[in-house]
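Thank you all for coming; I would like to walk you through one structure this morning, going from the whole to the parts. Please keep the sequence and the picture in view while I talk.

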Amino acid sequence: MRRVAVIGVGCSKFGELWDMSFRDIVLSAGIEALEDANLEGREIDAIYVGNMSGGRYLAQEHISALIADYAGLAELHIPSTRVEAGDASGGLALRQAYMAVASGMHDIVIAAGAEKVTDVGAEMAMDILSSSADREWEVFCGANLPALFAMIARLHMEKFGTKPEDLAKVSVKNHRNATLNPKAQFRREISLEVALNSPYVAEPLRLFDCAPISDGASVVILASEEVARKYTDTPVYISACCQASDYIALHSRRDITTMDAVVYASKQAYKQAGIEPKDIDVAEVHDSFTIAEIIAYEDLGFVEKGRGAELIREGVTELDGEIPVNPSGGLKACGHAIGATGIRQAVEIVLHLRGDAGKRQVDAERGLALNIGGTGATAVVTIFER
Amino acid sequence: MLPRFWRKIKYRYNLVGTYCENCGTYYYPPRNLCPKCRRKSRIKEVQLSGKGKVISYSIVHDAPENFKMMKPYVVALIQLDEGPVITSQLVCKPEEVKIGMRVKAIFRKYGEEGESGIIYYGTKFVPDEKIS
């Protein structure tokens with residue numbers, strides 16, 4: 001296995017991008033990444049793209065070739081591959097690209113993630129996202145994604161004493177961080193009171209506990225260590241990229257307050273990187289719902305099971321805390337462009353490790369990204385280091 | 001989507017699950033392969049009792065299109081007495097629901113696909129007052 005470096009990153013604006021098509025969005029992220037890596041385009045050996053549901057959001061399949069085509073790479077005839085695991089699709093694309101470079105198969109590979117959701121209505125958009133859960137045995141009963149995460153939150157509250165205020169604090173923190181991120185969808189601070197008084201979506205989750213469903217695209221360019229030196233003086237290395245799976249439906253799991261896929265993927269990643277959870281300086285985690293961020297603290301080993309809420313109460317995961325989590329604003333406030341999210345998280349961590357994160361810059365040598373699919377049936381944990 | 005629903009009518013209407021004779025575990029929704037025994041699975045269909053208790057629940061306010069008429073409605077994870085946990089709806093007042101509450105299965109309508117489309121029926125649960 002060869003050491004793999006990130007040599008370029010790019011990210012579109014996240015949000016309701018009414019005047020941009022799927023192709024426009026992907027291209028805006030791609031060009032930014034090429035400029036960042038100082039590549040012309042012809043150096044690229046392969047593309048992996050994470051996209052959850054071009055078929056239902058756009059009635060467009062064969063996204064892989066479409067992206068290569070509109071990125072101006074059609075005449076280079078390079079392999080382009082789409083991967084899918086619900087909203088962990090981006091994480092999968094990153095891992096496929098990582099393996100392609102690590103194995104020696106390719107030298108320079110693009111990992112992209114993209115989703116265009118606003119060409120369908122908001123209700124349809126949620127129905128499509130909910131198909132990352134079990135359509136026949138969960139969603140059929142009216143248990144869409146918010147309802148499923150609500151049941152996780154309810155049991156976490158019952159078992160461990162997590163409070164609605166703890167969930168709201170995650171939302172307040174992520175909104176505050178997003179004010180410093182020019183790419184973020186929501187760039188306004190919210191008060192605890194506003195979060196706690198927003199309407200219920202699925203009790204105990206309120207509007208401000210739920211990430212939006214957004215348009216957006218992100219790109220990272222990976223290269224072998226040797227090749228990376230030719231293009232950048234500030235490579236960021238991927239020291240582990242691990243993926244795990246679990247039962248698709250919550251009702252089949254051992255314990256719904258733990259995402260076993262996250263536990264497995266992160267343990268493997270720490271082992272491969274030769275580090276422990278306490279060695280992580282900054283993390284981007286999958287806060288599709290606020291409860292998911294609190295559970296991520298526990299399942300990633302930042303704190304023991306049941307005590308996740310303490311980290312948000314004590315400010316440990318704030319921008320100036322011990323382990324800043326979601327400095328970008330997370331899915332909640334930066335936006336959740338489904339298939340793009342896993343790559344967007346990687347972009348954020350790379351910016352921090354290079355010292356390019358602007359006003360939200362944290363002091364970090366090592367960062368972690370956690371991307372999950374649906375209610376946690378897929379997890380991808382990636383560890384980056386300077 | 002009609003054949004997809006029709007195939008599962010037996011399991012949805014009557015709460016028929018499966019049982020692995022190799023390890024003694026019950027499954028609902030039914031599985032053709034036991035995840036504990038894999039190739040050693042010895043699966044047969046069984047009628048489940050329909051009695052159980054609430055593990056967790058949510059009251060859904062922002063309802064998907066097909067469920068708008070029912071909102072707010074209660075979804076729950078219910079552990080059946082045989083062991084498996086099932087996602088279903090609870091037919092009761094939202095303020096009645098509690099974790100640990102005993103419930104029993106009933107046959108109810110879930111929704112329909114437009115004016116002339118298929119009507120979805122299935123299993124829901126109600127509070128089992130005799131016990132709780």
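Let me begin with a word on domains, whose bounds here come from an automatic or database domain assignment. What you see is a predicted model, in which local features need pLDDT of at least 70 and side-chain atom pairs count only at pLDDT 80 or more, while totals for chains, interfaces and linings use all residues. Residues are numbered from 1 along each chain as its sequence is written, and chains are lettered from A, with ligands numbered from 1, in the order in which they are written.

Chain A, then, is divided into domain 1, which takes in 4–120 and 214–237, and domain 2, which takes in 122–210 and 238–385. The centres of these two domains of chain A, taken over C-alpha atoms, are separated by 23 Å. Their contact draws on 42 residues from domain 1 of chain A and 40 residues from domain 2 of chain A, where two residues count as in contact if their C-beta atoms, placed from the backbone, lie within 7 Å. I will also speak of helices (H or I, at least four residues) and strands (E, at least two), which are DSSP runs numbered from the N terminus. On the side of domain 1 of chain A that touches domain 2 of chain A, helix 4 of chain A gives the most, with eight residues. By class, that side of domain 1 of chain A has 23 nonpolar, 13 polar and six charged residues; here Ala, Val, Leu, Ile, Met, Phe, Trp, Tyr, Cys and Pro count as nonpolar, Asp, Glu, Lys and Arg as charged, and the others, Gly among them, as polar.

Let us stay with helix 4 of chain A, residues 89–102, whose 14 residues reach 20 Å from the first C-alpha to the last, close to the 20 Å expected at 1.5 Å a residue; that expected span is 1.5 Å times one less than the number of residues. Is this helix of chain A mostly covered or mostly open? Helix 4 of chain A is mostly covered, with twelve of its 14 residues buried, and a residue is called buried if 20 or more other C-beta atoms lie within 10 Å of its own, exposed if 12 or fewer, and partly exposed in between, the C-beta atoms being placed from the backbone. Among the buried ones are Leu92(A), Arg95(A) and Tyr98(A). Just after helix 4 of chain A, Gly104(A) takes a positive phi of about 95 degrees.

Now to the sheet of chain A, in which nine strands form an open, mixed arrangement in the order 3-2-4-7-1-8-11-10-9; strands are said to pair if DSSP finds at least two bridges between them. At the edges are strand 3 (80–83) and strand 9 (282–284) of chain A, each pairing on one side only. Strand 9 of chain A pairs with strand 10 of chain A, residues 366–373, in the parallel sense over three bridges, and there Ala283(A) stands opposite Leu368(A). Helix 4 of chain A packs on this sheet, and its direction makes about 175 degrees with that of strand 4 (108–115) of chain A, where axes are lines fitted to C-alpha atoms, for helices over the stretch in contact, and angles run from 0 to 180 degrees between N-to-C directions.

Turning to the partner chain, how many residues of chain A are in contact with chain B? There are 26 of them, and they meet 24 residues of chain B. Helix 6 (145–160) of chain A is one of the elements that supply at least two residues to that side of chain A, and helix 6 gives the most, with seven residues.

Chain B has two helices and eight strands, and buried residues make up 36% of its 132 residues. Three of its strands form an open antiparallel sheet in the order 2-1-3, in which strand 1 (residues 16–20) and strand 3 of chain B pair over five bridges, with Ile43(B) as the bridge partner of Cys20(B).

I will finish with Leu80(B), found in strand 5 of chain B, residues 73–80. Why does Leu80(B) count as buried? Leu80(B) counts as buried because 21 C-beta neighbours lie inside 10 Å. Leaving aside neighbours within four places in sequence, the contacts of Leu80(B) include Tyr28(B), Leu48(B) and Ile86(B).
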